[in-house]
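Please examine the sequence and the structure shown here before reading the account that follows.

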Amino acid sequence: MLTAAMSESMTDTTTAEVAAATDAALARSAAAGDAGAFESIYRRHAGRVHGVIVRLVGAHGVRAEDLTQEAFVRAWQALPKFRFESAVSTWLHRLAVTTALMELRSRRGGPRFDEDEDALDGLGVADSAGNGTALSMDLERAVATLPPRARAVLVLHDVEGWKHEEIANELGMAVGSSKAQLHRARQLLRGRLGGEA
Amino acid sequence: MNTHNDDVYDDGAQTDEALRWQLRGLRRDLEPQADLWPGIAARIAAVPRQAAATGKPRARRFAPWAMAASVLLAVGVVWQMMPAVKPQAPAGNPMIRQQAVSMALDYERAFARLQQQANTHPEMHGAFGELDRSAAQILSAIDDDPNATFLLEQLRRTYARRLQLTQRAVMT
């Protein structure tokens, strides 16, 4: 059984490595100007890139699709300088995050990215007993309704698995601010879920 | 990857841990509802790219040449010394995949070191692209059929040709 499990695990690992090697070959071809290879990269990674963008901007639809398109255009432009020091998928994922965050910063209307402190204070965080907005809202929708900066920190840390140091660097904030934002975002989220989570 | 142990504001409650697990479950792929490729293709065709690399080829002529020769030698020796895959490998044996991955990684490292100099020769990009696309297709085929030993040899030939061309671009 152990041998079978090891063999299966090894096969899974090597499958991932073959995918990474395939990505690298396609990326090198695309870097040299092969749009067909870049289309293959798009087909292989559109779901992952679009997924993280949707989570960060808190919305499906045209806006998220525009950002996904923008992320791939930026990837095409940046590919000639890509040094292959990380996996193509990791590089694309980070580029998608940067693209979404830039849009959130420049967005007009709605709560501004840099004004989350006020937005959080104004929204009124529910207490731990869940006496706030006790709506039966699913988790994805609840995350989507968080103020932009709190949502970004929560998504990057709790969903995408980033460290506070990485988040602070990407968002241009202190590590302590990232931790504080995460704490407040979780509190707010629990309140919106009515203490069910 | 965080481990959830780096939080100053760790609430410690069971509900908080449950919430984190549920949040981690949100990490999934979401395909765009529309096919975005036509729009991307139109934009990348219209937008000029920045120059791939800037260098001083005359002043640094010897260094890349020497590096290209050493890299070619290193990769070539490694892959000539690798034991041949037995033609009748048992079904599901990951040996071919593993060898393909090792080969790809060795060559990727070699290309990463040489490609910046090679990119200064745009006339070679077509040939590079064709060989890279072939390598990607062979890797995919190996992934689909890990018992096809002939694909490993095809991959080796493709990478060797690619490295040879890269070396030529670097030296001229």
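Which residues does B:Leu139 touch, not counting residues up to four places away in sequence? The neighbours of B:Leu139 are A:Val18, A:Ala21, A:Thr22 and A:Ala25 of chain A, together with B:Ala100, B:Ala104 and B:Leu155 of chain B; two residues are in contact if their C-beta atoms, placed from the backbone, lie within 7 Å. This is a predicted model, in which local features need pLDDT of at least 70 and side-chain atom pairs count only at pLDDT 80 or more, while totals for chains, interfaces and linings use all residues. Residues are numbered from 1 along each chain as its sequence is written, and chains are lettered from A and ligands numbered from 1 in the order in which they are written.

B:Leu139 is also among the residues with the most contacts inside the largest nonpolar core, alongside A:Ile53 and B:Ala100. That core has 82 residues. A nonpolar core is a set of buried Ala, Val, Leu, Ile, Met, Phe, Trp, Tyr and Cys residues joined through C-beta atoms within 7 Å, where buried denotes 20 or more other C-beta atoms within 10 Å of the residue's own. Helix 2 (residues 35-57) of chain A gives the most to this core, namely eleven residues; helices are DSSP runs (H or I, at least four residues), numbered from the N terminus.

The two chains meet through 56 residues of chain A and 56 residues of chain B. On the side of chain A that touches chain B, helix 1 (2-31) of chain A gives the most, with 14 residues.

Notes:
Buried ≥ 20, exposed ≤ 12 C-beta atoms within 10 Å, placed from the backbone. Helix = DSSP H or I, 4+ residues; strand = E, 2+ residues; numbered from the N terminus.
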